[in-house]
Amino acid sequence: MMKKKYFFSEKELKLLNSNKAIKLLLAQGDDINPDKVLRYVRYEKTLEDLQVELIKMQQWVIKNNQRVCLLFEGRDAAGKGGAIRRVTHHLNPRNYRVVALPKPTEQERGQWYFQRYINKLPNPGEIVLFDRSWYNRAVVEPVNGFCTQEEYDRFMREVNDFENMITNDGIILMKFYFSITKKEQADRFDDIASNPLKRWKMSPVDEVAQDLWDTYTEYKEHMFAHTNTEKNPWIILRANRKTTARVSVIKHILKRIPYRETEG
């Protein structure tokens with residue numbers, strides 16, 4: 001069988017001659033795919049350039065006492081956590097927080113629903129990234145029977161006013177939704193289940209996610225219809241390819257936060 005011939009520009013050859021690319025090529029064994037390696041090296045270079053800009057953005061946030069709140073939503077295994085790690089990888093850890101709240105305690109269940117999220121909102125000079133947020137009540141909770149219809153209806157009546165209150169107070173709010181196909185989710189669950197280093201990620205909610213796919217879709221679409229406001233819109237990212245979604249979310253953050261206006 002004739003092997004495929006590859007033709008690369010001088011710039012591409014330079015990238016393939018980097019230490020990272022050579023390691024990836026060697027790791028492929030006999031089934032070498034330079035195109036795949038080239039794509040990944042380009043992604044890594046793009047990501048690194050964007051992370052440099054994220055550092056500048058964070059410095060602007062700190063210097064100007066800004067408050068930035070980023071919501072990461074999506075189905076189970078959509079890649080939210082991986083995207084958050086790429087956003088925060090080189091940031092000053094003293095000035096950002098990642099919030100991933102567990103299920104509410106009995107005391108919290110007796111509080112106003114938004115109360116425990118209010119306590120986690122950013123302080124001046126801080127970026128807070130929510131790995132799932134108050135929008136649990138819009139989709140995850142009703143789909144899995146974790147809230148009543150009355151609690152769901154009350155949330156949907158109040159959420160836009162709540163977000164208007166925090167943005168009117170000066171918090172920069174961005175809402176990201178990572179969108180994947182049913183097949184992609186199934187493939188990722190299979191990968192998690194077969195990898196002993198990832199099995200901890202599987203939860204009872206994950207285990208029924210495929211069966212509840214259509215119900216989740218109904219609630220998700222209602223969430224978008226009701227909460228995709230002009231002031232606080234959703235940013236929907238195609239996330240079947242994790243690398244594309246990670247680059248896209250960082251680009252959206254850098255475009256939305258006006259850190260460049262004060263450079264120089």
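Two strands are taken to pair if DSSP finds at least two bridges between them. The legends below describe a predicted model.

**Figure 1. Strand β4 and its pairing with β5.** β4 and strand β5 (residues 234-238) are paired in the parallel sense through five bridges. Within this pairing, Tyr-177 lies opposite Ile-236 of β5.

**Figure 2. Strand β4 and its pairing with β1.** Strand β1 (residues 67-74) runs parallel to β4, and seven bridges join the two. Leu-71 has Lys-175 of β4 as its bridge partner. Because seven of the eight residues of β4 (residues 172-179) are buried, this strand is largely enclosed by the rest of the structure; buried here denotes under 20% relative accessible area.

**Figure 3. The largest pocket.** This pocket has a volume of about 1300 Å³. Its lining comprises 38 residues, of which Asp-76, Arg-132, Lys-201, Ser-203 and Asp-206 are the closest to the centre. By class, the lining contains 17 charged, 15 nonpolar and six polar residues. At least two lining residues come from each of α4 (80-88), α6 (115-118), α7 (140-144), α9 (182-194), α10 (204-207) and α12 (242-256). Helix α4 gives the most, with five residues.

**Figure 4. The second largest pocket.** The space in this pocket amounts to about 300 Å³. Its lining consists of Lys-36, Arg-39, Tyr-40, Arg-42, Tyr-43, Thr-46, Arg-241, Thr-243, Thr-244 and Val-247. Two or more of these residues are supplied by each of α3 (34-63) and α12, and α3 gives the most, with six. Four of the lining residues are charged, three are polar and three are nonpolar.

Definitions and conventions. Residues numbered from 1 in each chain as written. Predicted model: local features only at pLDDT ≥ 70, side-chain atom pairs only at ≥ 80, totals over all residues. Heavy atoms only, no water. Buried < 20%, exposed > 50% of the residue type's maximum accessible area, 1.4 Å probe, protein only. Helix = DSSP H or I, 4+ residues; strand = E, 2+ residues; numbered from the N terminus. 1 Å grid on protein atoms, 1.4 Å probe; cavity = no way out; pocket = protein on both sides within 12 Å on 5 of 7 lines; lining within 4 Å. Points joined across faces, edges and corners; volume = space filled by probe spheres on them. Nonpolar A, V, L, I, M, F, W, Y, C, P; charged D, E, K, R; others polar.
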